[in-house]
4 protein chains.
Amino acid sequence: MTASQLTSSMFSTDAMQSVFGPAACVQRMLDVEAALARAEAACGVIPEAAVQPIAAHCNAQQIDLDALARAAGASGNLAIPLVKQLTQRVAQADADAAKYVHWGATSQDVIDTGMVLQLRDALDLIDADLDTLCDTLAKLAAAHRDTVMIGRTWMQHALPITFGLKAAEWLDGLLRHRQRLAALRSRALALQFGGAAGTLASLGNKGIDVAAALAADLALPLPAAPWHTQRDRFTEVATVLGMLTGSLGKIARDISLQMQTEVGELAEPSAPGRGGSSTMPHKRNPVGCAAVLTAAVRVPGLVATMLAGMVQEHERALGGWQAEWDTLPEIVELCAGALRQMRDVVGDLQVDVARMRANLEATHGLIMAEAVTLALGSAIGRMEAHHLVERACRTAVDSSRHLRDVLKQDRDVSARLGAQDIDRLLDPTGYTGAARAFVDRVLEQHLRRPAGDSYQE
Amino acid sequence: MTASQLTSSMFSTDAMQSVFGPAACVQRMLDVEAALARAEAACGVIPEAAVQPIAAHCNAQQIDLDALARAAGASGNLAIPLVKQLTQRVAQADADAAKYVHWGATSQDVIDTGMVLQLRDALDLIDADLDTLCDTLAKLAAAHRDTVMIGRTWMQHALPITFGLKAAEWLDGLLRHRQRLAALRSRALALQFGGAAGTLASLGNKGIDVAAALAADLALPLPAAPWHTQRDRFTEVATVLGMLTGSLGKIARDISLQMQTEVGELAEPSAPGRGGSSTMPHKRNPVGCAAVLTAAVRVPGLVATMLAGMVQEHERALGGWQAEWDTLPEIVELCAGALRQMRDVVGDLQVDVARMRANLEATHGLIMAEAVTLALGSAIGRMEAHHLVERACRTAVDSSRHLRDVLKQDRDVSARLGAQDIDRLLDPTGYTGAARAFVDRVLEQHLRRPAGDSYQE
Amino acid sequence: MTASQLTSSMFSTDAMQSVFGPAACVQRMLDVEAALARAEAACGVIPEAAVQPIAAHCNAQQIDLDALARAAGASGNLAIPLVKQLTQRVAQADADAAKYVHWGATSQDVIDTGMVLQLRDALDLIDADLDTLCDTLAKLAAAHRDTVMIGRTWMQHALPITFGLKAAEWLDGLLRHRQRLAALRSRALALQFGGAAGTLASLGNKGIDVAAALAADLALPLPAAPWHTQRDRFTEVATVLGMLTGSLGKIARDISLQMQTEVGELAEPSAPGRGGSSTMPHKRNPVGCAAVLTAAVRVPGLVATMLAGMVQEHERALGGWQAEWDTLPEIVELCAGALRQMRDVVGDLQVDVARMRANLEATHGLIMAEAVTLALGSAIGRMEAHHLVERACRTAVDSSRHLRDVLKQDRDVSARLGAQDIDRLLDPTGYTGAARAFVDRVLEQHLRRPAGDSYQE
Amino acid sequence: MTASQLTSSMFSTDAMQSVFGPAACVQRMLDVEAALARAEAACGVIPEAAVQPIAAHCNAQQIDLDALARAAGASGNLAIPLVKQLTQRVAQADADAAKYVHWGATSQDVIDTGMVLQLRDALDLIDADLDTLCDTLAKLAAAHRDTVMIGRTWMQHALPITFGLKAAEWLDGLLRHRQRLAALRSRALALQFGGAAGTLASLGNKGIDVAAALAADLALPLPAAPWHTQRDRFTEVATVLGMLTGSLGKIARDISLQMQTEVGELAEPSAPGRGGSSTMPHKRNPVGCAAVLTAAVRVPGLVATMLAGMVQEHERALGGWQAEWDTLPEIVELCAGALRQMRDVVGDLQVDVARMRANLEATHGLIMAEAVTLALGSAIGRMEAHHLVERACRTAVDSSRHLRDVLKQDRDVSARLGAQDIDRLLDPTGYTGAARAFVDRVLEQHLRRPAGDSYQE
């Protein structure tokens, strides 16, 4: 256990910790070794009799992880001591089979392909949580299609919007991430297999055949060539999850701002021991949002690491490749943790519609000045209308009165607009423009998405 | 002019500097204003008579850029003072039309859509250079399909590869970037149009109609909803160009390593005044590679900025959006500059095939030990073969002789392998495995790409 | 002009743009060339007669900057074409003197030392603004030593603090940055002078003498050795300014949060055309804070670039050095721009003490629960006190009453605490603990700082 | 165990893993709790009798770490469930004492101060390894003061230098890091103690007294004020270690370049199982350098995270603070791991002086052209000399002859320079300028450093 594991329940998920845990990491490499033996036997490269003894020992539970960790330092990677341990165990059962362990492969073949298998599992988990979050946001947007609230720009009240529009726009970004995640799989999740210098020379003229059989065994696409120092595949995973984390961070920023004591429009779901404070009974801490925002602070630097690491030397790199080992899993875990937190926060988000309505009145009608100006403008011209409304706003501010009252008492205004007109114009619910249409357009996009499948626009 | 412009010929291209120059930046915003007037007149929102006076003044040459720059500080963005200048000029020609300038739009609508138009131009330029580079690499890979050279791992000689394989793998990564660039256009290059709070409220019930007409006028897709604080569109451009820059950096790292005085396998094209030194006549500085590597050092941090900026507040953000303004063009220019440099470096790359061949002998045959072991192994078993070859290698190193000679004089070896066999086994050209097949597979992928068109796998 | 210059009034200062502008950049390099001629003549390396003709032409106004920019691409840096232009101009006046231009120096000597001279100017400007900001914050802290406001944790109301404490803590961080800025000068601002490979070989045995004379002429410390590929000096400037920007970002975040419509405790200074909106009269946009936050988003990635660039090759690097050229000035300008914005924001910050007082009541007394518990605890034990107060808080929330009223009507409480006690305990001004002492301690540190001078702890 | 622990022997040290391991992390927080009880009892805030029961249970071995980890998620930090466990254990022994656990402190007080204690240990370890590395480099520089080798710029042969100079410059950067590390301690390693909102209000008028006693107990400086959201202290640690890692990366880059098969000037210490390859007997992989370079790729992005996290909200932040928890220890461990690797690499670095000498001849004398030009110039003028030497160089290259031979056969040259002069001028050992002086100056700086002690310039 590391200190970071003490807090990992905040920043990752149990399932994702399993995917990237030491046992799974080792098991996925061993899965590659077993598949390699099968593929090479099928192609006549190694004896068929070697397959079973090798495959039977490709079991992480038989591996001494502590010894592995100790040996990794001198070897410079994990595959060398793992293959050594595996070979020893196979040899105890079948000395001949042991000669064919890891035949023709290089350490990076096994480490990269093992990581591909881990990423495949990880992306499945992420897709599932993202689906749930999207569905929840779609319901939220639909339910609050007509819930009027203040729109805020520059962190100041601007004009009315609907909470449905806000939720729909949160969703809108996530739908594009779903596209990106679907599209990257065929690029990112490819077999790595090239042997010591990327030519599979030790397999003679059987290299491509073995590669194809290995890819088929692992249900991975066979790439055109090895990609030992072409790292765009893994980096794309990092960037797409980096963007997803950024979009989640945006939602968390909004929710935490709306949870502020003075705003009070939203609240994270409450639960015993969650976000409360015994000495400060009024507090409802946004612990879920805090975890998401933490991920959004951490991930950009980690993505930069992946990009910086792409500049790799020759056929096998010095530093750039090794920099991926911890960085990519960290990105995936942070993204998955943030996604889970947001799924749960939005899943039972407390929406205070009354407070949203009340906050619209915080400026005593000033947010509706534009609506009045537009209405007045059609009668008396835009410039004159602008002048009258500006004067009324100044009066309202100086005298701490509601703009509605000032307008009604303004002779120039009331000559054109009746009290009912003014009431109507000052009603924020009547000034939400295309909000409903935008919500519907986003929901339509959400529905168009083929369930559980990749799709293109 | 800024100091960075003094060196911009290294790190950008003239065409790209035009795309992102102040005049183009302003013109693209004005293009949006003109299109907006047309769209709104077509939808009956503003009078048809206002269109011509507005459109006629949407010309960057009429704008006082210095005044614009001075005013931007207090306004907080460029659109406010630009609209002010535009309105004044329109008013001089037609006071009535001037009322309808920028009608219903918000600053960010104009700034973001202007940037989209700039990015469209930029991506066209990048696609063209990338096409050329890919074609050149394809030719290089084909031409050197059988040029044997040493493969290097850990920056040490490993086993033979071909220079064709190396070039094919450089190409392989770029082909995936072409896919990504094709796929992101429909996501990234979308109209931004939402008005002050993203509802287009001031357009009454005409919001969507105007948005659709505006999108059509600018030949941009109409997005489901405004994306003022959903910044994945622009961030995707940043990440894909970031990855492309990384891949170019990898090529530059390889070439600069192969250009080292002691290695001498490659050289950048020479030209008068390029990369030479009057006091050091032997130098052939990799100035193109240096520029590419510079971009590869700079872009990751800039991409991190884009990702960090995604966490934006409410309907219009404080800091995150503004952080994009310079960062995204910097990424695009650095990527385009690196691409141009690499296009030119590879376009006339000097390949010293003889030196490649000579360098294969640097270890006096030790790189062929694996080939000998495999051949011997089929006769005497792998363990025994390994033992014999290891002994021969040690002897070769200790006595500074060529492994070939040692093997021929080794009685245990020469009992199984004749002198001709040994010569053949020690010949690196016979040990390149699937290199040729990998080259062909990559070239096939390159050909499959529809010319001048986007494509999907 | 670049597009980024259109908005540079937001993100830099005029003075700083001058320091890093092309003319200053070239002039500082020419200052080095002139000083070099003087130093070498003084040491007998070049003829005394060469000095005046060289020095007289070391004037940026005589340099054709456009030609310089065009030539930089092929040369790979700015010094080569600059020396060429300078030499040509000197040659027109004195052919013999022209032979001694740039004698024994390498491009990087001139570029790095020129940058050191620019940085010295830049740090002077930053120190001045930082001094002013610190003084202003000190006055603010002193003036509001007893202005009670709500302390917020997790973006939720927590317990009372004073605005003086908040301002003092803003100041506290800046005082440490002053220390760091003072300490880095002697490390960062050193002469760079090593010649083509860092040995000054072409100066024979006069290398160190010339270096010492050159350092003295430029009033720079003479370092132990050249530092062409030891880049910690410049990177330290980047990191310290990066931290300063982060601290300014923290202040901007706080101010912008306190400027929210619902909070209204602070406002940026108002000015015509600054932060207002004609259609939204109620808005007071935090344009200064936005600029600071923009810098805080951008600078971390740029600092990462400087750190990543430190891994440089041999005696002169490929990419890492060139990556500094634009990045370091960007960091300095962004930091200086943020500092100026914050200096101006804080310089006339509008503090709404009444609103701070009013916001303390937003939870109807719940924020004072801890104070009541502590008081009650001394009488009836902490556990019992906790229990009673918790019950009262729940009642207050459920019945929407003020905690004061609930407590007064609670028989168990009123048995121990009189109405006056309760009033006193519910008064936030009585529960600010060591806030005053902390303010005084920070102000004391501020005063201890030697005025206008560097200092060590 | 996490997957990253499997490879941690490459990237960290055992000692550092202990410092930041879960047990140490918890123990350091408990150390703060124990010290707090003592300080509060000494100040009369809590009963003296509570001290022993509390302090006796401040033992990480008594803490259920798994339960802690499970509870951390809902709490949002580690201190809340830790205090709960501690309180329960104390209560079992002494119910009354249990009431005084964590009295008046807030979670962040304990977490931050615990981290300060961990950092103090970590910096001690780093100082020790850095001392050793500096001493080793000093010896290396002294030993190779006159070992001539080629200086390389742009990754091309430039002019002769000495290996002593190279080592001295590696050392030079590290000496400045020592300064920085010494200077940051007093700033970075400060007590954190402010209570729930930073006022210590619950301690009444005893806040400062308790803080002072607590600081004294922990042997930490008492800061002017709490720094819950002023994060420059920890960020400075990150930046200085980030710079140190960059400098180490520079050394690793150089060594790995010099270890290339074609260069062969240096080699990492060999050891059984270290950096070798059974199938490629000629390989000597730079596994130590690879680990250092990995750290140098990873740390910049992590430092950016620390800087980005500085923008924190109000009195306790949402995301920025939490982002430090794993990031800062990662930076420290990566730096410490890189330092240990470099200490070991340099500690037994294999220097092939003969190969350095031989490589000087790779350009057949061209690297000495400058020396000849300078010598000839004093006789016939610099322009004429330049012309003659340039012609000779061209001839040498075209005819693949050594420049020495060409010069001797050139009548114009041999008229001025005898064969012995030419031999002398072509000897690289005679053209190392101030290299020796630079080495001595750096060594002098190294000696000036007070042994085992912090120091100021």
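In which hand, left or right, does α10(A) pass α10(B)? Good morning, everyone, and let's start right there. The crossing of α10(A) over α10(B) is right-handed. Before I go on, please keep in mind that this is a predicted model.

Let me stay with that pair for a moment. Helix α10 of chain A and helix α10 of chain B, each spanning residues 163-188, pack at an angle of about 165°, and their axes are 12 Å apart. Angles over 145 degrees count as roughly antiparallel, so that is how α10(A) runs relative to α10(B). Who makes the contact? On the chain A side we have Arg176(A), Gln179(A), Arg180(A) and Arg187(A), and on the chain B side Arg176(B), Gln179(B), Arg180(B) and Arg187(B). Sorted by class, the residues where α10(A) meets α10(B) are six charged and two polar, with no nonpolar ones.

Now for a pair inside chain A. From α9(A), the contact includes Asp112(A), Met115(A), Leu123(A) and Leu137(A), and from α12(A) it includes Phe234(A), Leu244(A) and Ile251(A). What does this contact look like by class? Between α9(A) and α12(A) there are 14 nonpolar residues, one charged residue and no polar ones.

Let's move to the interior. As a general point, nonpolar side chains in soluble globular proteins tend to be buried together. In this model, the largest nonpolar core has 687 residues, and those with the most contacts inside it are Ile255(A), Ile255(B), Ile255(C) and Ile255(D). Take the chain C copy: leaving aside residues up to four places away in sequence, Ile255(C) touches Trp170(C), Leu266(C), Cys289(C), Met342(C), Val345(C), Val346(C) and Leu349(C).

Val32(A) sits in α4 of chain A, residues 22-42, and with 4% relative accessibility it counts as buried. Beyond residues up to four places away in sequence, Val32(A) touches Val110(A), Thr113(A), Gly114(A), Leu117(A), Leu214(A) and Leu218(A). Val32(A) and Thr235(A) are 203 residues apart in sequence, and their C-alpha atoms are 22 Å apart.

In chain B, Leu30(B) belongs to helix α4. Is Leu30(B) buried or exposed? At 0% relative accessibility, Leu30(B) counts as buried. Its contacts, again not counting residues up to four places away in sequence, are Cys58(B), Asn59(B), Ala60(B), Ile63(B), Leu82(B) and Leu86(B). If you look from Leu30(B) to Asn285(B), you go 255 residues along the chain, and the C-alpha atoms are separated by 44 Å.

In chain C, the α4 residue to look at is Glu40(C). Glu40(C) has 0% relative accessibility, so it counts as buried. With the same exclusion of residues up to four places away, Glu40(C) touches Val45(C), Ile46(C), Trp103(C), Phe193(C), Leu203(C) and Val210(C).

Last stop: backbone angles. Most residues other than glycine have a negative phi. Ser400(B) is not a glycine, yet it has a positive phi of about 50°. You'll find Ser400(B) in the loop between α17 and α18 of chain B. Leu200(C) also has a positive phi, near 55°, and Leu200(C) lies in the loop between α10 and α11 of chain C. How do they compare in burial? Ser400(B), at 64% relative accessibility, counts as exposed, whereas Leu200(C), at 1%, counts as buried.

Technical notes: Residues are numbered from 1 along each chain as its sequence is written. Chains are lettered from A and ligands numbered from 1 in the order in which they are written. This is a predicted model: local features need pLDDT of at least 70, side-chain atom pairs count only at pLDDT 80 or more; totals for chains, interfaces and linings use all residues. Side-chain values use heavy atoms; hydrogens and water are left out. A nonpolar core is a set of buried Ala, Val, Leu, Ile, Met, Phe, Trp, Tyr and Cys residues joined through side-chain atoms within 4.5 Å. Buried means under 20% relative accessible area, exposed over 50%, partly exposed in between (1.4 Å probe, protein chains only). Contact means heavy atoms within 4.5 Å. Helices (H or I, at least four residues) and strands (E, at least two) are DSSP runs, numbered from the N terminus. Ala, Val, Leu, Ile, Met, Phe, Trp, Tyr, Cys and Pro count as nonpolar, Asp, Glu, Lys and Arg as charged, and the others, Gly among them, as polar. Axes are lines fitted to C-alpha atoms, for helices over the stretch in contact, and angles run from 0 to 180 degrees between N-to-C directions. Angles under 35 degrees count as roughly parallel, over 145 as roughly antiparallel, 65 to 115 as roughly perpendicular and the rest as oblique. A crossing is left-handed if the near helix is turned anticlockwise from the far one by less than a right angle, and right-handed if clockwise.
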